[in-house]
Amino acid sequence: MLNTQLHIQRLQYSAFNRILISYLLFVSVFLCLSFNSFAVTSVGDLKSQQKNEILFNIHAYYVEDLALQQSFESSQQFEALLAQLDPYSKYLDEHELEALFSSTNGRYTGLGIEVKQQQQRIVIVNTIKDSPAAIAGVQMNDVLLAVNQQTIAYKDINQVAQMIKDSDTATVTLTIKRSNSPQPIYFTLTRSEINLESVSSSLSEFGIGYLAINSFSNHTLHDVARQITALQSHYGNPLTGLVLDLRDNPGGTLQSAVAVSDLFLQSGTIVTTKGRFYDANQHFRAKKGDILNGAPIVVLINENSASAAEILAAALKDNHRATLIGSQSFGKGSVQSLIPLGNGNTALKLTTAKYFTPSGQSIEGIGVTPDVAINQSTLSQIDKVVIIKNEQGNDDQLWSHTDSADPLLLKAQQLLTMK
């Protein structure tokens with residue numbers, strides 16, 4: 001039986017090396033609510049051969065060497081095995097796997113809202129541009145009260161997502177509480193395919209670029225390079241500085257984070273990964289060539305900057321290429337591998353390694369520490385001159401789509417104009 005399992009695994013691992021996503025970095029604090037992304041997985045329905053296949057992969061590749069039993073007499077025993085894994089490891093059914101590939105390729109079918117659970121409330125933290133939610137007028141900080149007139153009180157994010165998925169129609173009605181509205185607001189949204197724009201940018205008259213990376217997908221490297229080139233072309237000269245906004249970026253693929261980091265570095269370590277099997281141990285180094293030709297960089301991070309975003313932030317910080325400002329990042333320092341199961345319609349998303357910053361630190365449960373700590377709700381005295389300048393009608397169009405009193409942006413502009 002063991003030889004048969006080994007043969008199966010070798011075939012799967014060969015296929016695994018050929019797929020687009022070999023290492024994935026995800027964080028659970030942000031979730032794009034979609035039609036397929038949160039199908040409930042019934043591991044109890046798996047056959048004995050499938051369970052043995054999953055057991056073999058955990059034995060061979062999981063980041064920690066767990067003491068695992070060799071067989072299962074009940075579904076409860078198998079579920080207890082999965083419960084020993086970290087929260088980022090799970091079995092993916094065909095719907096979840098399809099949604100994962102779609103998201104990594106920058107598209108998914110859904111409503112276009114990103115949420116987080118905050119003090120037993122489900123809060124909207126973002127709406128995707130041109131999505132049904134954005135077009136209808138759903139806003140950041142809206143609090144979700146009900147789905148299709150069913151209250152979501154005392155439900156977690158996964159349960160709410162399941163309620164949306166289980167809707168029998170293409171439309172979903174969300175009941176929202178908004179701080180400036182005494183009465184609940186109702187939005188009837190129709191699911192549609194959404195193309196996720198991972199990068200947005202703008203330019204100041206001083207040649208300082210602003211680049212916000214919202215997530216790390218297979219297209220992010222191309223989008224970052226294209227938008228920086230466009231900013232330089234519009235300015236007519238090399239940029240004098242760049243603000244790289246990674247706030248509320250929940251992560252994405254490791255390869256994308258490494259490639260984007262390499263755009264700004266001439267040399268040095270970007271990240272290392274360490275695990276129990278050979279290919280989990282990687283050392284990624286920058287190749288010569290800096291798209292900004294040494295122009296200074298300021299990186300904005302907050303408590304929701306996670307995983308791939310933390311890799312980029314730490315790579316630029318530890319290589320003394322950028323100044324980080326904001327608050328401590330989320331602290332997700334593990335790497336997930338996507339291992340196809342059976343005929344490839346399902347998969348095991350398994351934590352196979354931990355990553356370490358160029359300085360050799362693990363950020364798991366800790367996060368990346370900014371060089372300049374700024375609480376989003378407060379401003380230092382030194383920033384007031386910048387605010388006064390803006391209020392006096394300066395026609396600088398720097399980051400015109402953002403809040404002019406954003407303390408992190410103001411500090412970033414101040415740091416870059418002083419260099």
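Select P407, L408, L409, L410, K411, A412, Q413, Q414 and L416: these are the buried residues of helix α11, where buried means under 20% relative accessible area, exposed over 50%, and partly exposed in between (1.4 Å probe, protein chains only). Helices (H or I, at least four residues) and strands (E, at least two) are DSSP runs, numbered from the N terminus. The model is predicted: local features need pLDDT of at least 70, side-chain atom pairs count only at pLDDT 80 or more, and totals for chains, interfaces and linings use all residues. Residues are numbered from 1 along each chain as its sequence is written, and side-chain values use heavy atoms, with hydrogens and water left out.

Of its 12 residues, 9 are buried. From first C-alpha to last, α11 reaches 17 Å, close to the 16 Å expected at 1.5 Å a residue; the expected span is 1.5 Å times one less than the number of residues.

Next, show what α11 lies across: β12 (208-213), β13 (241-245), β17 (297-301) and β18. The helix runs at about 165° to β17. Axes are lines fitted to C-alpha atoms, for helices over the stretch in contact, and angles run from 0 to 180 degrees between N-to-C directions. Contact means heavy atoms within 4.5 Å.

These strands belong to an open sheet of 6 strands with mixed pairing, in the order β11-β12-β13-β17-β18-β21. Its edge strands, β11 (199-203) and β21 (372-373), each pair on one side only. Two strands pair if DSSP finds at least two bridges between them. Strand β18 (residues 322-326) pairs with β21 in the parallel sense over 2 bridges, and G326 has A373 in β21 as its bridge partner.

Now select L244, L246, F264 and V299, which touch the most other members of the largest nonpolar core, a set of 61 residues. Helix α9 (residues 308-318) supplies the largest share of this core, 8 residues. A nonpolar core is a set of buried Ala, Val, Leu, Ile, Met, Phe, Trp, Tyr and Cys residues joined through side-chain atoms within 4.5 Å. Leaving aside residues up to four places away in sequence, V299 touches L244, L246, A313, L316, A322, T323, L324 and I325. A second, separate core of 19 residues includes I122, I164, L174 and I176.

Move to strand β19 (residues 334-341). All 8 of its 8 residues are buried, so β19 is largely enclosed by the rest of the structure. On one side are S334, Q336, L338 and P340, and on the other V335, S337, I339 and L341. Strand β20 (residues 346-356) runs antiparallel to β19 and is joined to it by 8 bridges; S334 stands opposite K354. The hairpin has 4 residues between the strands, and G342 there takes a positive phi near 55°.

Finish with two loop residues. D248, between β13 and β14 (252-253), has a phi near 60° and is partly exposed at 30% relative accessibility. N293, between β16 (282-285) and β17, has a phi near 55° and is exposed at 64%. Most residues other than glycine have a negative phi.
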